[in-house]
4 protein chains.
Amino acid sequence: MRTKEQYIAGLNKLGRNLYYKGEKIGRDHEDLIPSVDVIGATFEAARNPEIEDLCTAVSHLTGDKINRFCHVHQDTNDLHKKQDMTRALCQRTGYCVGRCMGVDALNAINAVSYEADRGNKGETGYHGNFLKWLEYFQKNDLVGSCAQTDAKGERLKRPSKQIDPDAYLRVVEKKRDGIVVRGCKVHITFAAVADEILVLPTRALTPEEGDYAVAFAVPGDHEGVKQVVHPHNFRKRQRLARGFNWGAADSYVIFDDVLVPWERVFLCGEHQHGGICALLFALFHRHSYSGCKPAVGDILLGLASLVSEVNGIEKADHVREHLAELITIAELGYAAGYTASSLGKPELFIPGVGVRRYGPGSYIPNSIYANVGRCLTGDSVYHEQEILCKLAGGMPATFPFEQDLFNEDLKPLLDKYIRRNPNIPVEEQIKFWLFFTDFACSAAGAVFNYAGVHGGGSPIMEQIAITSQFDITSRKNIVKRLAGMKID
Amino acid sequence: MRTKEQYIAGLNKLGRNLYYKGEKIGRDHEDLIPSVDVIGATFEAARNPEIEDLCTAVSHLTGDKINRFCHVHQDTNDLHKKQDMTRALCQRTGYCVGRCMGVDALNAINAVSYEADRGNKGETGYHGNFLKWLEYFQKNDLVGSCAQTDAKGERLKRPSKQIDPDAYLRVVEKKRDGIVVRGCKVHITFAAVADEILVLPTRALTPEEGDYAVAFAVPGDHEGVKQVVHPHNFRKRQRLARGFNWGAADSYVIFDDVLVPWERVFLCGEHQHGGICALLFALFHRHSYSGCKPAVGDILLGLASLVSEVNGIEKADHVREHLAELITIAELGYAAGYTASSLGKPELFIPGVGVRRYGPGSYIPNSIYANVGRCLTGDSVYHEQEILCKLAGGMPATFPFEQDLFNEDLKPLLDKYIRRNPNIPVEEQIKFWLFFTDFACSAAGAVFNYAGVHGGGSPIMEQIAITSQFDITSRKNIVKRLAGMKID
Amino acid sequence: MRTKEQYIAGLNKLGRNLYYKGEKIGRDHEDLIPSVDVIGATFEAARNPEIEDLCTAVSHLTGDKINRFCHVHQDTNDLHKKQDMTRALCQRTGYCVGRCMGVDALNAINAVSYEADRGNKGETGYHGNFLKWLEYFQKNDLVGSCAQTDAKGERLKRPSKQIDPDAYLRVVEKKRDGIVVRGCKVHITFAAVADEILVLPTRALTPEEGDYAVAFAVPGDHEGVKQVVHPHNFRKRQRLARGFNWGAADSYVIFDDVLVPWERVFLCGEHQHGGICALLFALFHRHSYSGCKPAVGDILLGLASLVSEVNGIEKADHVREHLAELITIAELGYAAGYTASSLGKPELFIPGVGVRRYGPGSYIPNSIYANVGRCLTGDSVYHEQEILCKLAGGMPATFPFEQDLFNEDLKPLLDKYIRRNPNIPVEEQIKFWLFFTDFACSAAGAVFNYAGVHGGGSPIMEQIAITSQFDITSRKNIVKRLAGMKID
Amino acid sequence: MRTKEQYIAGLNKLGRNLYYKGEKIGRDHEDLIPSVDVIGATFEAARNPEIEDLCTAVSHLTGDKINRFCHVHQDTNDLHKKQDMTRALCQRTGYCVGRCMGVDALNAINAVSYEADRGNKGETGYHGNFLKWLEYFQKNDLVGSCAQTDAKGERLKRPSKQIDPDAYLRVVEKKRDGIVVRGCKVHITFAAVADEILVLPTRALTPEEGDYAVAFAVPGDHEGVKQVVHPHNFRKRQRLARGFNWGAADSYVIFDDVLVPWERVFLCGEHQHGGICALLFALFHRHSYSGCKPAVGDILLGLASLVSEVNGIEKADHVREHLAELITIAELGYAAGYTASSLGKPELFIPGVGVRRYGPGSYIPNSIYANVGRCLTGDSVYHEQEILCKLAGGMPATFPFEQDLFNEDLKPLLDKYIRRNPNIPVEEQIKFWLFFTDFACSAAGAVFNYAGVHGGGSPIMEQIAITSQFDITSRKNIVKRLAGMKID
């Protein structure tokens with residue numbers, strides 16, 4: 001397993017294909033440092049005796065100890081540990097830990113490539129390609145990003161009905177040495193600081209849409225790949241350092257007629273498996289949210305209880321009610337993921353078919369519980385912000401800049417007037433408000449509300465997953481029986 | 001294990017201490033038949049090969065096969081099965097199955113009587129009394145009710161501050177042959193059709209309030225016990241029978257200076273254990289709700305999907321959204337209970353002390369998860385009704401009476417105008433609407449909304465349990481560390 | 001103007017066409033008495049000096065003083081008074097006052113019949129027919145009901161696409177002496193105790209659906225009209241009388257090939273005016289809700305504040321929050337109606353055309369404000385019930401029957417244990433809980449939740465009215481201008 | 001009346017007492033330009049024939065035509081026009097128009113200074129001072145800011161119980177030539193670009209707290225006044241200019257032992273009038289919100305409908321539902337203000353006294369309606385953002401920077417992949433998304449959510465105002481009468 005430093009050294013060897021504010025930049029750009037530090041924490045954790053048990057696993061390919069973010073889940077215990085690792089790391093970094101995209105994508109492709117080969121009766125070698133790539137990925141302890149969301153064009157039209165056929169990424173040519181793909185994957189968080197980008201489809205596909213059923217992996221700087229980067233960092237600090245300086249960076253990952261060698265192609269043309277791959281990545285990723293959203297909930301709870309303490313209102317009834325709400329959201333999200341882990345199996349719901357064994361035996365979390373949990377936490381994002389706002393009052397909106405806080409004319413006056421709870425030193429109160437403002441009144445915070453709602457699929461997608469997969473008929477039959485109706 | 005018929009025969013031997021509409025009635029009164037049938041279903045289930053595995057257990061006292069409603073949970077598997085049994089039986093009867101009060105009370109008293117004896121260094125014999133009573137209870141396969149909620153008088157004043165000291169049930173005299181208790185336990189569902197009533201405290205108590213720290217069991221017709229009964233049944237049917245005719249009956253259980261023999265006393269005077277007993281019963285009972293509320297959710301989902309089908313709107317977008325909401329509420333409630341079961345231990349949170357081993361080794365569900373689940377399902381009751389209302393339209397509010405539906409002048413006209421979905425025979429539609437009306441527009445349905453909110457403790461009580469038991473400090477520390485604050 | 005007694009005498013002269021529980025009944029049936037008393041209150045109010053100013057008007061036809069429920073609104077002051085009269089009378093009767101259906105229908109037909117004649121260039125005499133009927137109606141101080149909602153069959157199919165063409169009421173024959181109509185209007189509240197039934201269409205119609213564009217008036221017992229009645233009364237009292245014994249009765253009003261003489265026909269075949277008539281009645285009726293819903297809100301507020309006082313929790317913070325919510329809902333509903341009254345004009349939004357002058361000069365409330373108010377109050381119904389439930393606790397669900405409260409064994413015990421607030425005599429507390437139970441845990445209360453959501457059109461209908469009538473384009477243009485976009 | 005240019009020239013003459021990022025700055029600092037432009041719009045509007053009728057008034061002091069923001073409301077028509085002016089100007093600038101603070105403060109002080117003199121039986125000359133100042137203010141067409149919110153220290157302790165008595169601004173010395181005040185007013189929006197700062201108390205006061213009952217006016221650069229400024233601007237544009245470049249700036253306004261000459265003192269020591277002054281300013285300001293929040297609602301509606309159009313989903317059912325919600329919130333807020341204007345009187349609710357005539361005859365909006373409207377719009381802020389988020393999808397969170405959009409490598413690719421609705425030129429779509437991002441994913445947008453919730457008093461303050469002022473007793477009596485209870 002690599003160290004954080006080795007990871008950074010690796011990034012710095014990558015070619016210069018990132019664009020930011022009109023310039024090409026290197027992966028050592030200062031606005032990417034927070035993102036690099038976040039991913040870096042996953043390397044540190046794997047060597048930290050306190051949590052290495054959560055953060056490492058034994059490769060089913062090589063028997064080596066590997067970072068859990070490179071692992072294919074072999075049993076329910078792996079699912080539980082992935083959930084708990086995600087929660088633990090997000091608590092440490094302060095928000096999204098970023099490396100889950102890779103592990104979720106590789107678990108999806110692992111199963112889909114196996115089934116596609118099986119469906120093709122051995123005429124394709126997708127799963128072999130994938131396992132070879134996976135061994136390389138595990139051995140080198142690489143960071144994977146997953147590029148799923150397409151540009152999409154007109155959103156109510158399917159890929160084959162778009163005016164621009166490239167609105168969804170597709171194969172435009174098959175060559176002897178590989179396939180040529182064209183398209184743009186958007187909102188790809190942490191792609192700028194990933195070693196490898198895993199690409200897979202974004203939706204169900206029809207038989208005519210085989211060209212969109214493509215999955216593969218390329219290095220982050222692969223020829224023809226351009227990333228337009230949008231970092232989301234908190235305001236820079238000069239005097240009062242944060243404990244961890246979280247940040248993220250999203251990319252538009254443009255595939256401008258990119259050649260992908262065949263040995264890195266894991267699916268190409270099987271429309272039905274393309275749709276399942278989209279669904280399955282979403283499922284694994286919603287399961288990841290059962291780790292990260294409770295961690296964000298932990299932070300929101302800490303903010304809410306501390307802001308009440310700083311304001312001196314911690315004993316008011318409505319504070320208790322709000323804290324209970326925050327805990328309830330976070331722990332219901334966790335419980336849903338826990339149940340999804342416990343009920344995990346090498347099985348999947350296939351639209352139009354039902355639940356059946358799927359993949360080479362690797363474990364898949366229960367879909368209903370993964371979805372109801374994500375649905376709740378996604379739907380609660382703005383309400384959680386509202387709770388913070390109500391408990392905080394106006395402070396985060398107008399809090400003075402660090403430079404003013406230390407201006408010599410102002411410091412004694414601002415210290416005097418900022419002080420609220422007399423039992424907490426004013427400097428601690430100041431550090432608290434600055435951090436609160438990061439979450440509540442910054443552009444990055446606002447962006448992460450969008451991520452909190454839409455990441456892993458918007459609530460409407462989870463509702464579709466839930467209603468299409470849940471056994472509603474059996475509930476109709478319960479009612480028919482109770483009502484004395486004939487059951488058919 | 002008894003048959004339903006033996007249970008009924010037992011009830012009919014009890015003395016005549018029920019009051020209903022100003023008269024004394026027997027337990028064979030026709031308005032109690034639905035309640036008897038509901039409890040009766042728990043006897044039938046224990047003999048039904050389909051679900052006997054869920055509904056029976058092996059007594060840790062005798063090694064006999066017993067009804068699970070008489071069982072002390074020995075491991076997490078017992079907790080899982082109790083949750084699943086409750087869901088399965090509520091699906092069959094159509095609402096609350098009623099017998100959970102007894103099993104929850106006996107599990108609470110089992111642990112508390114043990115700890116009280118331990119605290120008293122063996123000077124009391126509560127636990128021995130209890131085990132002897134429990135063996136009798138299990139051998140005779142009795143139905144237990146739990147009388148917890150007191151009359152309470154002025155609700156913001158504690159027991160010892162009330163003008164009338166009997167506002168909470170208390171010991172008024174200790175005699176050689178037993179204790180004399182006075183008070184009134186209210187809203188005691190199914191007490192009228194129970195063999196035994198387990199009594200325990202309703203809240204935390206101060207050292208001055210030892211007289212209120214009392215737990216014991218008496219037969220339902222014990223001398224001096226008067227029950228004022230309020231049955232909640234659906235409208236009687238003459239032609240179109242329901243598949244199961246659900247009903248419940250609540251009692252005011254009045255203890256008018258009742259002598260309880262010492263061998264039936266399980267706690268008497270230990271104020272701290274009294275408070276824990278209240279808390280622990282509530283915990284077990286909230287865990288029961290993780291079985292029954294998902295079952296009610298199953299029925300609501302069946303109603304919602306069928307009403308959409310009958311109305312011919314099942315493909316409208318908002319229907320999908322509403323069905324997803326109903327599933328999400330029910331399955332989050334289930335997942336919370338599942339997690340509480342899995343994380344169950346012979347441990348309890350003691351206010352002011354923290355989590356510690358508690359009781360003789362029997363299993364207690366995790367309190368946080370039991371509470372967050374119950375909180376969600378309690379808070380969703382009226383919203384669920386609103387969903388039904390929106391999907392149904394006005395039909396349930398004005399649906400004709402059965403007698404009109406079969407009146408010969410009206411039948412052809414009403415059949416013509418009631419018919420909606422042409423693919424469902426109109427008689428089936430009629431049976432459906434009559435059943436829907438039971439749930440949506442009846443007094444019993446409205447009463448069960450109150451039970452759904454307040455049963456097992458009102459949402460505000462769960463919020464208090466959650467915020468007082470959750471480790472908020474560790475979340476403050478997460479934030480302090482991230483903010484760069486000093487952690488103390 | 002008639003007295004209540006004259007109104008009752010009139011009802012008793014009507015023919016026996018009501019069906020109830022399989023029997024034909026007279027309008028003097030005891031289960032209709034509460035409904036008769038409610039309508040009766042509108043006669044008493046018109047003679048009560050305290051509110052006769054609100055409850056009477058001067059006929060624009062005859063100059064006579066008439067009951068305002070028979071009046072065509074002549075200016076914004078009339079709109080304000082109709083709103084305030086409705087609120088005042090609902091406060092007195094305790095819920096819906098019932099006679100608004102008539103005044104809303106006649107105001108709609110007044111305008112539509114005028115415009116239809118104008119569209120027909122004078123070839124029809126609808127408006128003359130209507131004015132003649134109206135003069136008769138005003139002179140005899142009659143009670144009108146409005147039959148709008150059709151049986152509807154498959155709800156996503158329009159009238160002309162139904163398998164049964166009678167799913168919506170229609171003209172099946174035109175004769176020399178009148179038209180023959182067939183169909184069934186459902187959920188027609190207070191039709192059983194009305195003198196006249198005004199019939200009008202329920203939705204927008206296509207050119208092929210002219211037969212469904214029909215409006216007319218018939219006496220409540222007109223030949224061929226059958227009413228299947230469903231009364232909604234509170235539990236009968238024997239000892240503790242209510243101050244006003246509210247009740248309502250809904251009818252399925254079946255038109256079994258009914259001949260309507262031409263002079264009572266106000267629209268027949270003009271499909272576009274049929275749709276406008278449906279819309280316009282709904283608009284007037286939603287304006288009525290800006291009077292009745294605030295009155296129901298007043299009662300809910302009284303219940304909520306009194307239940308807090310009885311429970312002794314009136315100073316708790318969450319009580320204040322809940323009371324504020326109840327006031328906010330009611331007064332926003334009132335303010336919306338007030339604004340709709342103030343901005344009233346002889347103008348209407350015509351789908352596909354925009355706002356234009358409509359009708360003979362009579363006043364129409366502003367549609368946007370009438371709709372947003374109704375939307376809020378409809379969407380709040382179940383939340384209001386939840387507030388009552390949370391404040392009350394379990395009492396209303398299990399409160400003893402009147403007969404038990406006065407049973408001599410039980411009375412001293414129940415008085416003792418029911419007593420909460422020591423400053424309120426227990427008998428007053430008992431009367432309070434019995435009344436609270438009427439609202440919270442009765443079938444009639446549950447039915448009126450359905451009425452509260454769907455009456456005057458379901459929330460989804462109001463949303464359609466709002467989005468189709470609001471000037472969204474101008475708001476797009478505001479954004480385009482601010483964003484620096486080109487405005488077209 | 002001044003021009004915008006004269007206003008700017010005036011600002012530039014003010015002394016240098018603004019601190020920003022550790023430096024002293026002038027009022028011509030580039031980060032204040034958006035704020036100056038916003039206030040500038042109020043000068044332009046008064047000369048714009050399209051809306052000058054709304055934006056000007058006739059001074060009751062001089063008979064001159066003045067800017068309405070300097071006017072004392074003389075009748076209900078003035079209240080209506082102030083509401084409509086506010087809505088119109090916020091639509092033009094794109095958010096808060098800023099100058100309402102001044103007009104709301106001067107209307108409050110006008111009434112309070114009059115009543116304080118009356119209470120003092122003419123021994124004080126507050127009202128005369130105020131009128132003289134007002135004439136100067138009107139003649140010079142000055143911009144007023146209102147400094148109300150104090151630093152507050154421990155928030156559950158009143159001013160006289162604070163460890164630091166300066167936690168609330170107070171009089172520390174009375175001199176022959178004036179009073180010396182000390183304290184800090186926080187979150188004072190647009191104070192940095194105002195000519196005059198009106199200071200008044202923030203809460204109810206006890207007799208011991210007379211030093212806190214102080215109201216006065218000082219120029220923005222008055223000696224001893226220091227402003228710590230926090231501008232909230234949208235991201236700077238280089239190529240694609242906004243139509244209006246909105247921004248605001250908040251100040252901590254520190255009064256570091258400031259001498260206020262007696263002729264500028266309008267209240268000094270009268271604790272009861274101090275509390276009323278706080279209440280009355282809040283009332284006028286909540287009435288202002290009935291203008292600005294509907295305007296913000298107009299913009300949100302424009303954003304929501306345009307984003308649906310750009311995304312090509314404008315015909316989906318859930319879009320209609322969300323648009324209806326946005327309209328409902330905005331128009332209920334407007335209707336509440338409209339009703340508050342119509343029912344306005346020279347009367348006020350005095351805590352402990354009830355409603356009575358107040359002030360010299362100037363008009364005060366109805367408090368209940370002003371509060372319920374503000375309560376709704378404040379409580380809806382985060383839900384409105386959630387609606388935008390759901391309709392937009394991830395675009396605003398990761399949208400490329402302007403420099404990337406025009407980078408020559410990227411432009412053709414980004415134009416290709418950003419294009420959604422084929423009927424809107426991609427450059428228009430880009431301008432739209434950039435503007436949407438301003439509102440949805442910027443620090444300034446997040447800050448204005450805080451303003452939207454807490455400005456004019458937090459929702460909890462409105463709830464207190466509502467429940468303390470509403471006639472709840474009469475509603476209890478309605479219920480008592482209906483329930484048959486004795487009414488006392």
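**Entry 1: D:Val171**

I started with D:Val171 and listed what it touches beyond its neighbours within four places in sequence: D:Ile179, D:Val181, D:Asp211, D:Val214 and D:Cys268. A reminder to myself that this is a predicted model. D:Val171 is found in strand E6 of chain D, which covers residues 170-174. Is D:Val171 buried or exposed? I counted 20 other C-beta atoms within 10 Å. The cut-off for buried is 20 or more, so D:Val171 is buried. I also checked D:Ala213, which sits 42 residues from D:Val171 in sequence. In space the two are 8.4 Å apart, C-alpha to C-alpha.

**Entry 2: strand E7 of chain B**

Next I went to chain B and looked at the strands there. E6(B) is residues 170-174, and it pairs with E7(B) in the antiparallel sense over four bridges. The two form a hairpin, with three residues between them. For one specific pair, I noted that B:Lys174 has B:Ile179 of E7(B) as its bridge partner.

What else does E7(B) pair with? I found E11(B), residues 247-261, also antiparallel, over nine bridges. Here B:Lys185 stands opposite B:Val253 of E11(B).

I then asked how many residues of E7(B) are buried. The strand runs over residues 178-189, and nine of its twelve residues are buried, so I wrote it down as mostly covered.

**Entry 3: helices H10 and H15 of chain B**

I stayed in chain B for a helix pair. H10(B) is residues 381-392 and H15(B) is residues 443-454. Their axes come within 9 Å and cross at roughly 140°. Because of that angle, H10(B) counts as oblique to H15(B); the cut-off for roughly antiparallel is over 145 degrees.

Which residues make the contact? From H10(B) I have B:Val381, B:Tyr382 and B:Gln385. From H15(B) I have B:Asn449, B:Gly452 and B:Val453. Sorted by class, the contact has three nonpolar residues, three polar ones and no charged ones.

**Entry 4: C:Tyr95**

Over to chain C. C:Tyr95 lies in the loop between helix H4 (76-93) and helix H5 (100-119). Not counting residues up to four places away in sequence, C:Tyr95 touches C:Cys90, C:Trp246, C:Val296 and C:Phe448. I also checked C:Ile299, which is 204 residues away along the chain from C:Tyr95. The C-alpha atoms of this pair are separated by 8.3 Å.

**Entry 5: where chain C meets chain D**

Then I turned to the contacts between chains. How many residues of chain C are in contact with chain D? I get 51, and they meet 51 residues of chain D. Several helices of chain C each supply at least two residues of this side: H7 (271-311), H8 (317-342), H9 (367-379), H14 (426-440), H16 (459-469) and H17 (472-483). H8(C) gives the largest share, 13 residues. By class I noted 29 nonpolar, eleven polar and eleven charged residues on the side of chain C that touches chain D.

I laid chain C on chain D: a turn of 180° and a shift of 0.0 Å along the axis do it, with an RMSD of 0.0 Å. In chain C, the C-alpha nearest the axis belongs to C:Ala335, 2.8 Å from it. The same surface serves both copies, as 100% of the contact residues of chain C recur in chain D.

**Entry 6: where chain D meets chain A**

Last one. This contact takes 60 residues from chain D and 60 residues from chain A. On the chain D side, the elements that each supply at least two residues include strands E7 (178-189), E10 (225-233) and E11 (247-261), and also helix H10 (381-392). Which element gives the most? H15(D) does, with nine residues. By class, this side of chain D has 29 nonpolar, 19 polar and twelve charged residues.

Chain D can be laid on chain A by a turn of 180° and a shift of 0.0 Å along the axis, and the RMSD is 0.0 Å. In chain D, D:Ala443 has the C-alpha nearest that axis, at 2.1 Å. I found that 100% of the interface residues of chain D are also interface residues in chain A, so the copies meet through the same surface.

Note on methods. Residues numbered from 1 in each chain as written. Chains lettered and ligands numbered in written order. Predicted model: local features only at pLDDT ≥ 70, side-chain atom pairs only at ≥ 80, totals over all residues. Contact = placed C-beta atoms within 7 Å. Nonpolar A, V, L, I, M, F, W, Y, C, P; charged D, E, K, R; others polar. Least-squares fit on C-alpha atoms with pLDDT ≥ 70 in both. Pairing = 2+ DSSP bridges. Axes fitted to C-alpha atoms, helices over the stretch in contact; angles between N-to-C directions. Parallel < 35°, antiparallel > 145°, perpendicular 65-115°, else oblique.
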